[in-house]
Amino acid sequence: MLTAVLFVGCKSDDDAVVDPSGPKEVTTINVDVVLPASIRSQWQSSIDWALANINKAQQQQSSQVRLNLRYHDEDTENLDKLAYKLTHPEAGEDTCHAIIGPYHSSNARDIIRYAGRERLPIIMPTCTSSELQRSNARNTYTWFLTESDVTQCEMMVTGASKMGDVDVALIYSDDTYGQSFRDWFGYYATERQLPMPGSGITAYEEGKSLTTFLDGLATNAKTKRLVVCIALSDADNYEEVTQQIRQWYEKLGSKLELQVILSDTALDDEVVQNENLYFNYGVSPTASSKYGFPQSFEARFGRSQKFGEARIYDALTMVALGAAHQRVNGEKCSVAGREVKYYEKPFGPTLTDHMRSVVSSDAGVSCGWEAEGLARAFSEIAAGRSVHVTGASGSLNFDNESYTKVLGTDYIFWRTIDTEKGRSVKPILHISTESSNTQASTKSLWELDKMWAPEYEDVAVHHNLPAVTDRWAVVVSPSTTWSNYRHQADAFAMYQLLRQHGYDDDHIVLIVEDNLANDSRNVFPGQIFVERSSDPAAVNDQFVNEDVRKGAVVDYHFSDLEPADLADIMTGRSSIRLPQVIDPTVSSDIFFFWSGHGGSEEGPLWGNEDAEDYFGKDRIRNIVKELVGTDAASRKYRRMMFAIETCFSGHWGDALMGQPDVLVLTAANEHESSKADAHDRELGVYLSNAFARTFRRQIDANNEVCIKDLYDELFKTTKGSHVSIYNQKEYGSVYSEKMSEFLPR
């Protein structure tokens, strides 16, 4: 949404009235700040201003908090050793109470790992890696003050959509930074209903020619306007990429109107001032002007704030307020009305929990970021009352699970202009995601229902199907590594679900590597989980804290099979090497589940994420065609359902269009990756994916659920990709056909 501008004034620090009696008690909080020296220099004005306002705000308090900042150069320190030292102080060394930083997402993992052992708060003003934020989403000590690059990707696509009817494409750097854009660009293009011509997305490596990719965009464009978004981690590469685009566009002529949007790494003086760069627009996080910080900052310091300055201000004030709350409440701490308890050391609440308590309240006195507002906050906290704090960067609304990941960030959509002093940046659109969690919009769901209902509500194919005599299932996970734990875990959980709903082992073929239970990194030897919780209220949920490996009969280790073997297994061609196959007939229902990695060209991969082979759209299509047979007498199934949990799994849905009585549910469409879910800190891996978890829970709650209702729930709960359904016209009414067709009890 577009935000209105509200100026909030504040007195200068020079107007402060000092309490001559002085404080009766001072609590010193050691805050270790990990930043590149250049960034510290840029942020020093905000740091000094925050400290001055924190001190000023407590002048009338008998007990006060003082922040003692200790700086560490992120570019020169050994961060692993530093993290260990901060969390394991030697005798005589001062304790570290909180860490602010690092600046770069790539430097955060080691510090987070050490901080977690003591639940030491680590507040990261600018770490925006979606994978970093996602893997730490449930941690109570990791604080992210800027939304991830997922949201920036959304802002880029939103900016493109404001240009009218356009096709969109993405060029990204093949590294951690670019991965967020690669994973989410297709999702938001789908949300905005913007076509992606050709392959739509390509990785950039230094020296790589983009001509073939760009030609594909021009050939397949559906509109007359093309918007190319570029997200590169190294700002030095923008010149080479945009020069290639310029040369290609000049040769193209007037066939298309071209616009180029750059990501936040381009908001750099060397990029902005470089006349050789070819681009039109850029996107970058900024501080909200709604609460007056940018205006007050410019009036005070005579310059515009740089990215991150408002967030370092907020980081310092949050630590101070949390320390004040801890001083008053001690071992009693509630977050959003729930008393804080832990089942592992340290058992009691720490500073991070008191910080969470401060920001989790929607009630209480509203307090601003300036000295006067902070004084009100300290006073209310001292009196044992709740406060609702507004930060310098914007509204401090955090996620309602851990209360450590901010939900709102402001962005500017900008372009460059030439002035007498040189080229400068001009904001042309201010976009706020305040209170947004970037889930699929209700509008998109409504549009989907509107599209489906007239076509399928009262329509069903009639193929004169016989009564069901038996059911068969094939469950596959091609992943073999510990880091891909979730894929095998979901396969085992699906096996258990099938057993619970009437399948015996003779009617299930389970294909997994089965190397997790006894892996040396498994802290629960012999066991595999898809969900773990220390919350007593959660143990009644299906599979929570249950070993999904228990009792499972593994038919084939994945590494012992070749792609061609799956055709034999599916079509009943047993052999000495392949003794366990399914043996369906024209009256058999077949359920097929696949959980693994996928690639952008053909979907599911035969192996891990680094596998070079796709299983192949032609191969899966040919298997189904063989089951269809040449006539009614040779057909080997009654109905068939595929549930595919991989990135770009929509390719298989497209490959199976037109096959009779076949339905395909995919975790993502052909342009999107599928997201891991349920990260477990103790095991250090993701346990499951949202698609599989929701599928299990829906069936467990009601196996009579109609396919349309199951699909709706999958769509709403699978974040980051569009769950898709294919071939429903050839299957029947998704409003009347039920999942009990495949899971009968």
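Predicted model: local features only at pLDDT ≥ 70, side-chain atom pairs only at ≥ 80, totals over all residues.

Q: OK, so is Ile-171 buried or exposed?
A: Ile-171 has a relative accessible area of 0%, so it is buried, given the cut-off of under 20%.

Q: Where is the place of Ile-171?
A: Ile-171 sits in strand 6.

Q: And which residues is Ile-171 in contact with, leaving aside neighbours within four places in sequence?
A: Among them are Thr-202, Tyr-204, Leu-210, Phe-213, Val-228, Ile-230, Val-241 and Ile-245.

Q: What's the strand order in the open sheet of seven strands?
A: The order is 7-6-8-9-10-15-16, and the pairing is mixed. Strand 7 (201-204) and strand 16 (422-432) are at the edges with a single partner strand each, so one side of each has no neighbour in the sheet.

Q: How much are neighbouring strands turned against each other?
A: By 25° on average, with direction ignored.

Q: What does helix 7 touch on that sheet?
A: Helix 7 (residues 211-220) packs on the sheet and touches strand 6 (167-173), strand 7 and strand 8 (225-231). Its direction makes about 170° with that of strand 6.

Q: In what sense do strand 10 and strand 15 pair?
A: Strand 10 (residues 281-286) and strand 15 (residues 410-419) are antiparallel, over five bridges. Thr-286 is the residue opposite Asp-410 in strand 15.

Q: Switching topic: why is helix 16 largely enclosed?
A: Seven of the nine residues of helix 16 (residues 563-571) are buried, so the rest of the structure largely encloses it. The buried ones include Leu-566, Ala-567, Ile-569 and Met-570.

Q: What do those buried residues pack against?
A: For helix 16 that's strand 17 (470-476), strand 18 (508-511), strand 19 (588-595) and helix 17 (617-628). Just after helix 16, Gly-572 has a positive phi of about 85°.

Q: How far is Ala-567 from Ile-171?
A: Their C-alpha atoms are separated by 37 Å, and the two residues are 396 apart along the chain.

Q: Last one: what span does helix 13 reach?
A: Helix 13 (residues 371-382) has twelve residues and reaches 16 Å from first C-alpha to last, close to the 16 Å expected at 1.5 Å a residue. Its buried residues include Leu-374, Phe-378 and Ile-381.

Q: And what covers them?
A: The cover over the buried residues of helix 13 includes helix 1 (37-57), helix 11 (309-329) and helix 12 (351-359). Just after helix 13, Gly-384 has a positive phi of about 80°.

Methods: Residues numbered from 1 in each chain as written. Heavy atoms only, no water. Pairing = 2+ DSSP bridges. Helix = DSSP H or I, 4+ residues; strand = E, 2+ residues; numbered from the N terminus. Axes fitted to C-alpha atoms, helices over the stretch in contact; angles between N-to-C directions. Contact = heavy atoms within 4.5 Å. Buried < 20%, exposed > 50% of the residue type's maximum accessible area, 1.4 Å probe, protein only. Expected span 1.5 Å × (residues − 1).
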